[in-house]
Amino acid sequence: MTAFHAMKLLCQATRNEQRYAKRFCGTLLTQTQQKRVFSPFWMGVSDPTKSTVFGLTQPFCTAKKSPKEPKTAFGSVGRRIPYQILHVINQDGESLGNMHRAEALKLMDQHDLKLVLLRENVEPPVYRLMTGQQIHEEQLKRAEKKKSSTKSEMVQKELSFSSAIAKNDLDTKTKQIAQWIEKKYHVKITIRQAKDSNTDMFILFDQILETVSEKATYLSKPKITREGVSTCILRHMSNKELKAYQKTENQKNSTEKKDEDLKSNELHQ
């Protein structure tokens, strides 16, 4: 009899537990639908003053962002092409249309060319078939363009002296100017007219330039900045200017030699 009552109480307790569990789960599911929070994670928060409260944690992600790939330098990509479909341009700059990378590699092998990536951020990416010489020339062009676009600040040196400067001192200063010009610095020269001096400052500027005439020229021609003070700026000649100067000097020397030969012939006659 006792065993029967014990079994009856156990069955009743089990039914009550199942009923309470259904009520709890139904309430929790309803709250979840109302809040519209979706997460696979549950967390129980215990509070000594309150009953146990269940809630949802926020979803999280531990995946790291993949770093941006650095831009590759202009040149042959070899046979490693990550794209299946390419837009190909031939060595003459004519479009060959879209094709599979296997076909592009076949053309590359048949004509003994190299594939170069031109534009990657388009669909499909653009590749060009080029010779080794074409790639070398394009690399030189890009390097020159980059060099010209990132011009460094030009260094400017300054010298100032009186028009009554002694010859030895002037020689020292012209040597300093020659050293600066060799380093391709700009040189600003300021001459102050000395009292009781009849020296023409413009002629003095030309004399200084003559000492470095093989490498330098005027960036800013001599001018009077204020009463009794004149300035000019010298710079190193460009390669084109140097070639033109050397050509002029050679022609000048050739003409002088011819004149000397003519005078010598006339004397012997």
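Visitor: Is Asp 171 buried, partly exposed or exposed?

Guide: Asp 171 is partly exposed, its relative accessible area being 31%. The term lies between two others: buried means under 20% relative accessible area and exposed over 50% (1.4 Å probe, protein chains only). This is a predicted model, in which local features need pLDDT of at least 70 and side-chain atom pairs count only at pLDDT 80 or more, while totals for chains, interfaces and linings use all residues. Residues are numbered from 1 along each chain as its sequence is written, and side-chain values use heavy atoms, with hydrogens and water left out.

Visitor: With which residue does Lys 167 form a salt bridge?

Guide: Side chains of opposite charge can pair when their charged atoms come close. A salt bridge is a side-chain nitrogen of Lys or Arg within 4 Å of a carboxyl oxygen of Asp or Glu. Lys 167 forms one with Asp 171, with 3.3 Å between the closest N and O atoms. Lys 167 counts as exposed, at 61% relative accessibility.

Visitor: Where do Lys 167 and Asp 171 lie?

Guide: Helices are DSSP runs (H or I, at least four residues), numbered from the N terminus. Both residues belong to helix H4 (residues 167-182), 4 residues apart, about one turn of the helix.

Visitor: How many salt bridges does the rule give?

Guide: The count comes to 5 salt bridges. Among them, Glu 138 pairs with Arg 142, the closest N and O atoms being 3.2 Å apart. These two are separated by about one helical turn, because they stand 4 residues apart in helix H3 (residues 132-149).
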